[in-house]
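Let's walk through this structure together, one part after another. Have the sequence and the 3D view at hand as you read.

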Amino acid sequence: MDPIIELDQVSYTYENAAHPALQQVSLTVAAHQWVAIVGLNGSGKSTLAQILDGLLPIDTGTIKIGGQPLTTDNLWQMRQQIGMIFQNPDHQFVGATVEDDVAFGLENQGMPRDQMQQRVHWALEQVKMTAFAHKAPQTLSGGQKQRVAIAGVIALQPRIIIMDESTSMLDPTGREDILRIMQDLQQQLQITILSITHSMAEIVQADQIVILQAGQIIKTGTVEQIFSNLRNLTELGLQPPFTQQLQADLRAAGVPVTAQYHNKSRLIRELCQLRLKM
Amino acid sequence: MGKLIIGRYLPGDSLIHHLDPRGKFVGTFLFVLIVFLANNWETYLLLTAFVLLAVKLSGISLKFFIKGIRPMIYLILFTVLLQMFFTPGGDPFWQWGIFSLSKLSILNGLFIFIRFLLIIFISTLLTVTTTPLQMSDAMEYLLKPLRIVHFPVDEVALMLSIALQFIPLLSDETTKIMNAQRARGVDFGEGSLINQIKAVVPILIPLFVSSFNIAYDLSVAMESRGYHGSEGRSKYRQLQWQAADTWMLVVFGLLAVCLIGLRSY
């Protein structure tokens, strides 16, 4: 598959900061993938998201989106290909009603009004918020607000969506809802999703995991590759997923399950097979 | 704060609710000018009848308007009394030093009282039947001519609409900060004036800091959604001018003509 995002030796240092927030970061993301970016607080995850959208100017290196290098001249065209959903839903509303907010990005593109109405309607339908179109965003719950934020981004029909801890302020149900909506949309629209997250549910369903530490990428790989070694994980500040913790505990208790990472259904199958052999 | 009714919106489905906010805005402004045409009891009677009819049409009970005046009643009475005692002319039936009362001055005070009531009623009518959003749209439209002198109308309108919709968020934030400071032992509204003012500082500074943070987050979110100035933007929301709006302005015109007629008569 063609790479949609290519970072080559990218560095960025905030003003007055002693250490660079990102240091010689190189990363390639294939199109239509779900990439989880994980790391401790202050490891440079959000900075990475913001430099991808051209919100922060990089010091060195190159960024290519869809094969084209990101420069100050083509910044606004490139930005049309990327949608960002932020952490705090309250701080990302511009419109006074739900539909106004969804239309905001379209207004910026100068889209004609009748076309905008169709898009807004479509986007709200995707996130199942059509009934709330005329409500004020303040009257919605956290999960509903985040759905509206998603609608605002997908109305622009970007090729890449970056979720910057978008589910961190939601309750478990709200988080699941958002995750399911994003998975559906990813399948349906063939978008690439970069999700910055601490949520294990989100991490284990990603195609690729990128681990950042102190502004550097220290590991990338699939879920199986990353979670195959339990001891390594805690050093990276990552909590092992529930199934892997269970595998480790079972092994410690003398049950001969494999050390390799299994997801829930595979672990269940292996346990059933072990039971049959006993 | 909870008592003040001016500036609050009451949802409804009346004729007045459905009028174009631009028309209502202009109408209210005209009314405030028209009120000054009135100078005798016939004209005041006509104006009062007109306002009561407008209130009736809005479907909001008169009680609500009267309640809305309560916080301002002392200010109004003070002005009216000043007018009564200090209006010279007529033959005073009571006098003490510089104070005097005459039939003319009492009548004058009464007229001013009615004038106040009418202006407050009609402006309350505007705000209770128009959403803040419609209001800012109307203002944006009415400010448009200022573009000729390079006044940034779109930016001001965007600022206005963002400011309006962040009021609830910031007031929630204020309550949160106040409660957090109370939990740490700050007393609000107690002690001497100096101490009360000092107690405001632990609310004000975190509130400022948090508004800076909100502004930063919002600007990043806006930029990431492609906002780069008002140039080349289209508009999703559109106001619709209907026949009823034109009729409303015609009615205001007729009212003015009647008043001028009654005034010289």
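In what order do the six strands of the open sheet in chain A lie? The order is S6-S7-S8-S3-S9-S10, with mixed pairing. Before going further, please note that this is a predicted model, in which local features need pLDDT of at least 70 and side-chain atom pairs count only at pLDDT 80 or more, while totals for chains, interfaces and linings use all residues. Residues are numbered from 1 along each chain as its sequence is written, chains are lettered from A and ligands numbered from 1 in the order in which they are written, and side-chain values use heavy atoms, leaving out hydrogens and water.

A word on terms: helices (H or I, at least four residues) and strands (E, at least two) are DSSP runs, numbered from the N terminus. Two strands pair if DSSP finds at least two bridges between them.

At the edges of the six-stranded sheet you will find strand S6 (82–85) and strand S10 (216–221) of chain A, each pairing on one side only. On average, neighbouring strands here are turned by 20° against each other, direction ignored. For such angles, axes are lines fitted to C-alpha atoms, for helices over the stretch in contact, and the values run from 0 to 180 degrees between N-to-C directions.

Now look at strand S8 (192–196) of chain A. Strands S7(A) and S8(A) pair in the parallel sense over five bridges, and A:Ile160 has A:Thr192 as its bridge partner in S8(A).

Buried stands for under 20% relative accessible area, exposed for over 50%, and partly exposed for values in between (1.4 Å probe, protein chains only). In a regular strand the side chains alternate between the two faces of the sheet. In S8(A), A:Thr192, A:Leu194 and A:Ile196 are buried on one side, and A:Ile193 and A:Ser195 are buried on the other.

Helices cover this sheet too. Helix H6 (residues 172–189) of chain A lies across S3 (34–39), S6, S7 and S8, running at about 140° to S3(A). Helix H5 (residues 142–154) of chain A touches S6 and strand S7 (160–164), and its direction makes about 170° with that of S6(A). Contact is counted for heavy atoms within 4.5 Å.

Two loops deserve a look at their backbone. A:Gln157, in the loop between H5 and S7 of chain A, has a phi near 50°, a positive value in a residue other than glycine. At 42% relative accessibility, A:Gln157 is partly exposed. A:Ala214 sits in the loop between S9 and S10 of chain A and has a positive phi of about 50° although it is not a glycine. A:Ala214 is exposed, with a relative accessible area of 55%.

Chain A has another open sheet, of four strands in the order S2-S1-S4-S5 with antiparallel pairing. Strand S2 (22–30) and strand S5 (68–69) of chain A each have a single partner strand, so one side of each is left without a neighbour in the sheet. Helix H1 (residues 45–52) of chain A lies across S1 (3–12), S2 and S4, at about 115° to S1(A).

Finally, turn to the two chains together. The contact takes 36 residues from chain A and 28 residues from chain B. About 2,900 Å² is buried between them, 53% of it from carbon and sulfur atoms; buried area is the accessible area (1.4 Å probe) that two parts lose on being put together, summed over both. A:Trp76, A:His91 and A:Asn108 supply 23% of the area that chain A buries against chain B, more than any other three residues.
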